[in-house]
Every structure is written in structure tokens, then in C-alpha cells.
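Q: Please take one part of this model and look at it closely. I would like a connected account of the residues there, with the numbers, and then how the surroundings are arranged.

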Amino acid sequence: FMGYETNGILQQSTFDSPEYQAKPLVMNGTRLQPGDVLYVDQNGDGVIDDKDRVILGNPNPDFIFAFNASVRYKCFSLGMVFNGVVGNEIINANLIDETDVKNANNNVRADAFHNAWRADNPSNAYPRLGYQPSGVLSDRIIENGSYLRLAQLSLDYRLDFKKSKYIKWLSLNFTASNLFTVSSYSGYDPDVNTFSNDADRMGVDLASYPTARNFTFGVIANF
């Protein structure tokens, strides 16, 4: 992922400083104002443009893993399957709309509205109300994509009928998939699939449908 590093929100004290006034940051021909996202000027020329883009992450994980475990005790058997990935990043494109507080047509995160930068509340997390997003890729929407998931759990209880002429054994089983996921990702599911068939847009989450959690009960009889 190539884009722009950010350094929080441009504060009034920084904006008023002689150093900043002597060399203000300009992006898309407009000077940054207090409450705007503060982009890092990598080459120090005072202009935020393509020359300031850096590598922000990689959608390809360092490794993919899976392991399983099973336990048997008398008539019970328990099986578990885990999987996950480590070392990749995700573009959480949902944050573009979810934190855009100027757009009255969309729902936004409450935190983005109530903790928006104001003169009396100089937040360093969210820009001011009415801020016009720049439309560029930045580290503000890139998140860690590593996760560990309990992909499947199965529990089986078997009854043997040694004295019965009609049935040999009966098995009661319960299977659950996608029980829980351990991840720091703020979206619904770190296993994103928005553009799953497009190799140029790997690791992008734009309204991806999350992996469903399923529960299955079954009975198996042997006559």
C-alpha cells in the first residue's frame, strides 16, 4: 500500500507558530487549517503531493496458519480447528464514510462526531466538523489484519446399545463454526473479501460481508 503518513491533527498552536507561518503546508493548492488532518511532508518542500507517498503496509501476510486439536473421554469427543494469518495490513475503506462528519446522508461513528477537533476540544484523533477529506490513501484507514479464529468446534456424544436388537449406537453431535476471532481490526471481519477476484485490490474492506457464525445439531443412528 502506497500513501501518506499522518501526524494527528493540525493544532492551533502549531498553526500560529512562526515556523509554520513561514512555511505552511499546502495540499491540492490549499493551505492546511487548524483541525485538518496533518500529513507528513516527507521531503520538506512544504507541499503534500505524490513525492511524499511512502509504503504504508502490505496486504500479503507473513504466514498463514491452521491447527486442530481433539480430545476423547469415554463417550465424549471434542474437536477444534483454528486458523489465522499474521503480518498483513488491511485498508478499512469503511472509515472513509464512517468518519466523514460533513456528509449528512451517511451514518457516522459517534466517536468521530463527539470527539471532532474544536477550538475548545483540540482532539488529535478526528478532524474538525466540516473538514473536506482529501481523497488520498493515508495510514488513518490502514489497520493490522492479523487474526486467530476458532473456525470450527465439534462435540459428539455416543451411546452404545449392546443389548438392543434394533439399534447398535446413537451419536448426538453439535458443530459450531466461526465461534470467535481474536483481532485488533475495528471492522466486522479481518478476513476481508470485497475484491476477492482482483489481485490489484487485495486486502481492501469496503462493506465486506462478515463470515457467518453457524450452529448445527445432528443425530446419527446405526441400526
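A: F217 counts as exposed, because its relative accessibility is 68% and the exposed class begins over 50%. The model is a predicted one, and every value here is computed from it.

Five strands form an open sheet in the order β8-β9-β14-β15-β17, with antiparallel pairing. Its edges are β8 (63–73) and β17, and each of them has a single partner strand, so one side of each is left without a neighbour in the sheet. From one strand to the next the twist averages 15°. In a regular strand the side chains alternate between the two faces of the sheet.

Within this sheet, β14 and β15 run antiparallel and are joined by 13 bridges. One of the facing pairs is L148, which stands opposite V182 in β15. The loop between β14 (147–160) and β15 (169–183) contains S164. S164 is partly exposed, as its relative accessible area is 31%. Although 59 residues separate S164 and F223 in sequence, their C-alpha atoms are 9.6 Å apart in space.

Now the aromatic side chains. With ring centres required to lie within 6.5 Å, the count comes to eight aromatic pairs. One of them joins F174 and F215: the pair is stacked, at 6.2 Å centre to centre and with 15° between the planes. Since F174 belongs to strand β15 and F215 to strand β17 (residues 214–222), this pair ties together parts that are 41 residues apart in sequence. F174 is partly exposed, with a relative accessible area of 23%. F215 also counts as partly exposed, because its relative accessibility is 49% and the exposed class needs over 50%.

F174 has a pairing with F217 as well: the ring centres are 5.0 Å apart and the planes stand at 40°, so this pair is tilted. With F174 in strand β15 and F217 in strand β17, the pair ties together parts that are 43 residues apart in sequence. The two pairs can be set side by side: F174 is stacked with F215 and tilted with F217.

Ring pairs link F63, F65, F67 and F82 into a cluster. R158 lies over the face of W169, at 4.2 Å from the ring centre. The charged end of R201 sits over the ring of F195, and its distance from the ring centre is 3.8 Å.

There is also an open sheet of three strands, with the order β13-β10-β16 and mixed pairing. Its edge strands are β13 and β16, each of which pairs on one side only. On one side, β10 (residues 89–92) pairs with β13 (residues 142–144) in the antiparallel sense, over three bridges. On the other, β10 and β16 (residues 204–205) pair in the parallel sense over two bridges. N92 stands opposite D205 in β16.

Note on methods. Residues numbered from 1 in each chain as written. Predicted model: local features only at pLDDT ≥ 70, side-chain atom pairs only at ≥ 80, totals over all residues. Heavy atoms only, no water. Pairing = 2+ DSSP bridges. Helix = DSSP H or I, 4+ residues; strand = E, 2+ residues; numbered from the N terminus. Buried < 20%, exposed > 50% of the residue type's maximum accessible area, 1.4 Å probe, protein only. Phe/Tyr/Trp six-rings, centres within 6.5 Å; stacked < 30°, edge-to-face > 60°. Lys NZ or Arg CZ within 6 Å of the ring centre and 35° of its normal. Axes fitted to C-alpha atoms, helices over the stretch in contact; angles between N-to-C directions.
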